[in-house]
Amino acid sequence: MALLEVDEVVVRFGGVTAVNEAAFTADRGSITGLIGPNGAGKTTCFNVITGLQKPTKGRIRYRDRDVTGWPVHKRARHGVGRTFQRLEAFGSLTVRDNVRVAQEIHGGPLAWFGRSRGGVDMLLDRVGILDYADERADSIPTGTARLLELARCLASDPQLLLLDEPSSGLDETETDAFGELLVELAGEGCAVLMVEHDMDLVMSVCNDIHVLDFGRIIASGTPAEIRADADVQRAYLGYSESDESAHDTSVMEVVTP
Ligand SMILES: Nc1ncnc2c1ncn2[C@@H]1O[C@H](COP(=O)(O)OP(=O)(O)O)[C@@H](O)[C@H]1O
Ligand SMILES: [Mg+2]
């Protein structure tokens with residue numbers, strides 16, 4: 001059974017149906033991508049999974065239990081970790097202390113006794129920002145702040161890792177390293193669920209991809225299947241390569257000098 005099961009979830013905000021009968025799963029050892037145009041309902045899905053948003057209809061199952069009624073902190077305690085689209089670190093604390101605080105919040109006094117600064121620094125090293133350990137969090141570049149978010153999340157030792165646009169602000173080298181880290185985390189048994197706009201990253205690391213459009217899942221499959229899907233091409237490009245119009249070269253002739 002999948003670690004996470006999103007079962008026919010509907011979220012309505014007044015007249016807006018942000019999520020419409022969405023159903024998908026995320027498995028241990030696997031990276032699942034959730035993609036789609038702006039406003040498609042991706043972040044709302046994440047909010048339902050983490051407990052920030054109550055669904056109008058549908059259920060969330062996690063580790064074989066119905067957690068739909070569980071509050072955010074209870075899900076977090078049971079291994080649901082999440083990074084946010086906006087950055088959440090404490091600006092006046094150092095990078096290292098931000099991770100330390102995250103670890104202590106999650107683990108309580110036992111974590112404080114059981115884990116050393118070495119553990120925190122290992123996490124910083126793992127995400128590639130150990131050089132910034134002593135800098136204030138509000139003084140670091142955006143890409144570094146994103147990686148700090150990830151380190152803070154990993155400090156809680158999540159079984160399900162939800163990442164909302166994690167690569168925004170990362171340069172190409174950082175994105176490549178980030179992709180490798182995700183594959184590593186999945187290899188260790190983590191279920192990674194990622195909302196991401198960088199299609200190269202999504203296509204290279206995801207095992208499965210679900211495409212949301214106007215709150216509905218319009219396609220699910222492997223990267224190769226998603227790339228070839230006509231509905232996905234329409235949602236993203238406004239037309240499909242198999243549509244007649246896509247082969248109409250008259251428009252191009254007009255702009256050719
Ligand atoms: N708290 C809210 N109140 C009202 N409408 C919302 C709220 N959150 C999101 N929406 C609307 O729901 C839709 C989906 O938004 P969102 O989940 O943020 O999309 P995405 O993350 O895919 O860009 C959008 O139309 C957005 O305006
Ligand atoms: Mg969003």
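## Legends to the close-up views

**The link between β4 and β5.** Strand β4 (residues 57-62) is joined to β5 by 2 bridges, and the two strands run antiparallel. Helices (H or I, at least four residues) and strands (E, at least two) are DSSP runs, numbered from the N terminus; two strands pair if DSSP finds at least two bridges between them. The model is predicted: local features need pLDDT of at least 70, side-chain atom pairs count only at pLDDT 80 or more, and totals for chains, interfaces and linings use all residues. Residues are numbered from 1 along each chain as its sequence is written, while chains are lettered from A and ligands numbered from 1 in the order in which they are written. Across the link, Arg61 has Asp66 in β5 as its bridge partner. The loop between β4 and β5 contains Arg63, with a positive phi near 45° although the residue is not glycine. A residue is buried if 20 or more other C-beta atoms, placed from the backbone, lie within 10 Å of its own, exposed if 12 or fewer, and partly exposed in between. Arg63 counts as partly exposed because 16 C-beta neighbours lie inside 10 Å. Asp64 has 9 other C-beta atoms within 10 Å and is therefore exposed.

**The open sheet that includes β4 and β5.** In this view, 4 strands form an open sheet with antiparallel pairing, in the order β2-β1-β4-β5. The edge strands, β2 (16-26) and β5 (65-66), each pair on one side only. Strands of a sheet pair through backbone hydrogen bonds, either parallel or antiparallel. Helix α1 (residues 42-50) lies across β1 (4-13), β2 and β4, running at about 120° to β1. Axes are lines fitted to C-alpha atoms, for helices over the stretch in contact, and angles run from 0 to 180 degrees between N-to-C directions. Helix α1 is mostly covered, with 8 of its 9 residues buried; among them are Cys45, Phe46 and Val48. Just after α1, Gly51 takes a positive phi of about 100°.

**The surroundings of ligand 1.** The residues around ligand 1 are Phe13, Val16, Ala18, Gly36, Asn38, Gly39, Ala40, Gly41, Lys42, Thr43 and Thr44. A residue is near a molecule if its C-beta atom, placed from the backbone, lies within 6 Å of it. Two or more residues of this shell come from each of β2 and α1, and α1 gives the largest share, 3 residues. By residue type, the shell divides into 4 nonpolar, 6 polar and 1 charged. Here Ala, Val, Leu, Ile, Met, Phe, Trp, Tyr, Cys and Pro count as nonpolar, Asp, Glu, Lys and Arg as charged, and the others, Gly among them, as polar. Lys42, Thr43 and Thr44 of α1 are buried.

**Leu160 and Ala191 in the largest nonpolar core.** A nonpolar core is a set of buried Ala, Val, Leu, Ile, Met, Phe, Trp, Tyr and Cys residues joined through C-beta atoms within 7 Å. The largest one has 67 residues, of which Ala151, Leu160, Ala191, Val192 and Val211 touch the most other members. Helix α5 (residues 142-154) contributes the largest share of this core, 7 residues. Leu160 belongs to strand β7 (residues 160-164) and is buried because 23 other C-beta atoms lie within 10 Å. Leaving aside residues up to four places away in sequence, Leu160 touches several residues, including Leu3, Ala26, Val80 and Ala191. Two residues are in contact if their C-beta atoms, placed from the backbone, lie within 7 Å. With neighbours within four places again set aside, the contacts of Ala191 include Leu4, Asp27, Ser30 and Leu160.

**The surroundings of Cys190.** The loop between α6 (172-187) and β8 (191-195) holds Cys190. This residue has 23 other C-beta atoms within 10 Å, so Cys190 is buried. Residues up to four places away in sequence being excluded, Cys190 touches Pro158, Gln159, Leu161 and Leu185. Between the C-alpha atoms of Cys190 and Pro158 there are 7.3 Å, although the two residues are 32 residues apart along the chain.

**The hairpin of β9 and β10.** Strand β9 (residues 208-213) pairs with strand β10 (residues 216-221) in the antiparallel sense over 5 bridges. Opposite His210 stands Ser220 in β10. The hairpin has 2 residues between its strands, and Phe214 in the turn has a positive phi of about 50°.
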